[in-house]
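Grab a pencil and work through these exercises with the structure open beside you. Each task comes with a solution in steps.

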Amino acid sequence: MSRSRTSGRWLKAHFNDACVRAAHKQGYRSRAVYKLLEIDQRDRLLHRGMTVIDLGAAPGSWSQYCVRRLGAAGRVIALDILPMQPLPGVEVIQADFRDAKTLTDLVNRLEGRPVHLVLSDMAPNISGVTAVDQPRAMRLAEEALELARRVLVDDGSFLIKGFQGEGFDDYLGRLRECFRKVVIRKPKASRERSREVYLLARYAVCSKV
């Protein structure tokens with residue numbers, strides 16, 4: 001089958017996707033918002049007045065949702081290496097969260113204010129080769145966890161996208177060392193063929209690194 005025909009079928013399926021249509025209608029920047037919405041409704045993740053860090057935030061639908069849920073007293077800081085159009089109520093940092101300079105900037109912005117939740121919907125650039133992509137994904141997840149450990153208040157929470165495969169169980173074990181409760185969620189908005197799941201870790205107990 002030609003690449004153009006394959007791309008055409010993907011585009012047709014994409015635009016016929018109910019979540020894509022709903023996101024467009026409700027003013028969200030991507031269908032990914034419904035993954036967070038479902039987890040929030042099930043686990044009561046977001047509360048008014050919280051400070052939230054959104055890693056890999058572009059194009060910004062998770063940050064949009066957080067602003068709506070947190071109210072005027074809440075705070076959302078979005079980080080991504082990709083450019084992201086401004087969003088009302090969201091502080092955007094275009095930088096690699098893994099850089100020491102970025103962490104310093106983030107800490108300075110916080111001005112001692114506690115972080116209650118770290119979100120990560122990140123994924124590495126996909127090559128299509130599992131032996132390459134899975135280690136990249138797990139490394140990114142490890143680095144997101146290290147940032148969460150640095151900034152989260154005691155009893156804070158961490159929600160991250162993960163991919164089942166090599167290294168996944170070890171990472172799950174690491175989360176269980178650092179948080180008192182860890183659950184796996186597969187939102188309905190996640191495509192069935194995808195290996196992605198979401199790991200929700202709550203009540204941080206590990207010491208800061």
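**Exercise 1: the largest cavity**

About 50 Å³ of space lies in the largest cavity. The model is predicted, so to speak of local features pLDDT must be at least 70, and side-chain atom pairs count only at 80 or more, while totals for chains, interfaces and linings use all residues. Residues are numbered from 1 along each chain as its sequence is written, and side-chain values use heavy atoms, leaving out hydrogens and water.

Task: find which elements give two or more residues to the lining of the largest cavity.

Solution. Start with the term: a cavity is a set of points on a 1 Å grid over the protein atoms alone where a 1.4 Å probe fits but cannot get out, and lining residues have an atom within 4 Å of a point. Next, list the lining: Ser-120, Met-122, Pro-124, Ala-137, Leu-140, Ala-141, Ile-160, Lys-161 and Phe-163. The elements you want are α6 (130-151) and β5 (152-163).

**Exercise 2: the two sides of α2**

Task: work out which residues of helix α2 (residues 18-26) are buried, and which are exposed on the other side.

Solution. First, the cut-offs: buried is under 20% relative accessible area, exposed is over 50%, and partly exposed is in between (1.4 Å probe, protein chains only). Cys-19, Val-20 and Ala-23 are the buried ones in α2. They cover an arc of only 105° around the axis, so they sit on the same side of α2. On the other side, His-24 and Lys-25 are exposed. After α2 comes Gly-27, with a positive phi near 85°.

Technical notes:
On a 1 Å grid over the protein atoms alone, a cavity is a set of points where a 1.4 Å probe fits but cannot get out, and a pocket is an open set with protein on both sides within 12 Å along at least five of seven lines; lining residues have an atom within 4 Å of a point. Grid points are joined across faces, edges and corners, and a volume is the space filled by probe spheres set on the points. Helices (H or I, at least four residues) and strands (E, at least two) are DSSP runs, numbered from the N terminus. The arc is that of the directions from the helix axis to the C-beta atoms.
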